[in-house]
Amino acid sequence: MRFMRLCTLMLSLILALPVSAWADSDLVLAAGAGYKKMVNALNAAYQKKSGQTLDLIYGNMGRVTTLAKESGKVDIVLGDQQFLLKRAALAVTEKTELGRGKLVLAFAKNSKFSKVADLDNPEAGRIAMPDTSKAIYGKAAREYLTKTGRLPDIKPRLVEVATVPQVFSYLATGEVDMGFINLTHALNVKNKLGGYTTLDGNDYSPISIIAAILESSTNKDKAKAFIEFVKTDEAQAIVRANGL
């Protein structure tokens, strides 16, 4: 069973990457799909500055971490520190924090609601949020609602879905009036929202987004060079522009 799963994962990885990615000299970075725009921009800037480029894999964090563990081909992972290092227990040799994830309350395009206080408006309809047991921004949303005194009263109006993209889907189709997502995703889809408000970071636990070199990496020198690049002012400007 484990062998079959590994074969499936390897096939997925092969299909996701160009053939060149399997050469020993190439650097492979795997990241959560929500950070694709940011990572693409970092990769382009890094290539322009150094002449080097990375092969990139995107997917949900469960897939990313499983590939990182079992493929032996991933050098760098990028995502939520709590998930990467604690839940997935990836072995890493070096890490750096790119920034802190930010929770926002987003509003459907045709919704008449547009501010945080509307969470308390009895006329407001359903409110979507990611899975509060697995998704980092779902946990943050639950903490926020608890700390601001809205739980348990608001619970009947909450719609819990699996992921941030699914919250956005509910917003885009008008199935909910508002929903909890992260700022990076909100910036990516802002033209399809009625608006959004960044919530007070003191009302939920810090969300550290990191880039980390895997212990199994066979390209550690190249990986370290990229990690040093993401610490530069140029790279940090890209990170900030993408909501971290």
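The legends below accompany close-up views of a predicted model.

**View 1. The largest pocket of the predicted model and the residues around its centre.** This pocket has a volume of about 700 Å³, and among the 24 residues that line it, Asn60, Met61, Thr163, Val164 and Pro165 are the closest to its centre. Two or more lining residues are given by each of helix 3 (61-70), strand 3 (76-80), helix 4 (81-87), helix 5 (136-147), helix 6 (164-172) and helix 7 (183-188). Sorted by class, the lining of the largest pocket consists of ten nonpolar, ten polar and four charged residues.

**View 2. The second largest pocket and its lining.** The volume of the second largest pocket is about 180 Å³, and its lining is formed by Asp80, Gln81, Gln82, Lys86, Ile136, Lys139, Ala140, Glu143, Ser205, Pro206, Ile207 and Ser208. At least two residues of this lining come from helix 4, and at least two from helix 5; helix 5 provides the largest share, with four residues. The classes are represented in the lining of the second largest pocket by four nonpolar, four polar and four charged residues.

**View 3. The packing of helix 2 against helix 8.** Helix 2 (residues 36-50) packs with helix 8 (residues 220-230) at an angle of about 110°, and the axes of the two helices lie 11 Å apart. Because angles of 65 to 115 degrees count as roughly perpendicular, helix 2 is described as roughly perpendicular to helix 8. On the side of helix 2, the residues that take part in the contact are Leu42, Ala45, Tyr46 and Lys49, and these meet Lys222, Ala225, Phe226 and Phe229 of helix 8. In terms of class, the contact between helix 2 and helix 8 comprises six nonpolar and two charged residues, with no polar residue.

View 4. The relative accessibility of asparagine 43 is 11%, and since buried means under 20% relative accessible area, asparagine 43 counts as buried.

Methods:
Residues are numbered from 1 along each chain as its sequence is written. This is a predicted model: local features need pLDDT of at least 70, side-chain atom pairs count only at pLDDT 80 or more; totals for chains, interfaces and linings use all residues. Side-chain values use heavy atoms; hydrogens and water are left out. On a 1 Å grid over the protein atoms alone, a cavity is a set of points where a 1.4 Å probe fits but cannot get out, and a pocket is an open set with protein on both sides within 12 Å along at least five of seven lines; lining residues have an atom within 4 Å of a point. Grid points are joined across faces, edges and corners, and a volume is the space filled by probe spheres set on the points. Ala, Val, Leu, Ile, Met, Phe, Trp, Tyr, Cys and Pro count as nonpolar, Asp, Glu, Lys and Arg as charged, and the others, Gly among them, as polar. Axes are lines fitted to C-alpha atoms, for helices over the stretch in contact, and angles run from 0 to 180 degrees between N-to-C directions. Angles under 35 degrees count as roughly parallel, over 145 as roughly antiparallel, 65 to 115 as roughly perpendicular and the rest as oblique. Contact means heavy atoms within 4.5 Å. Buried means under 20% relative accessible area, exposed over 50%, partly exposed in between (1.4 Å probe, protein chains only).
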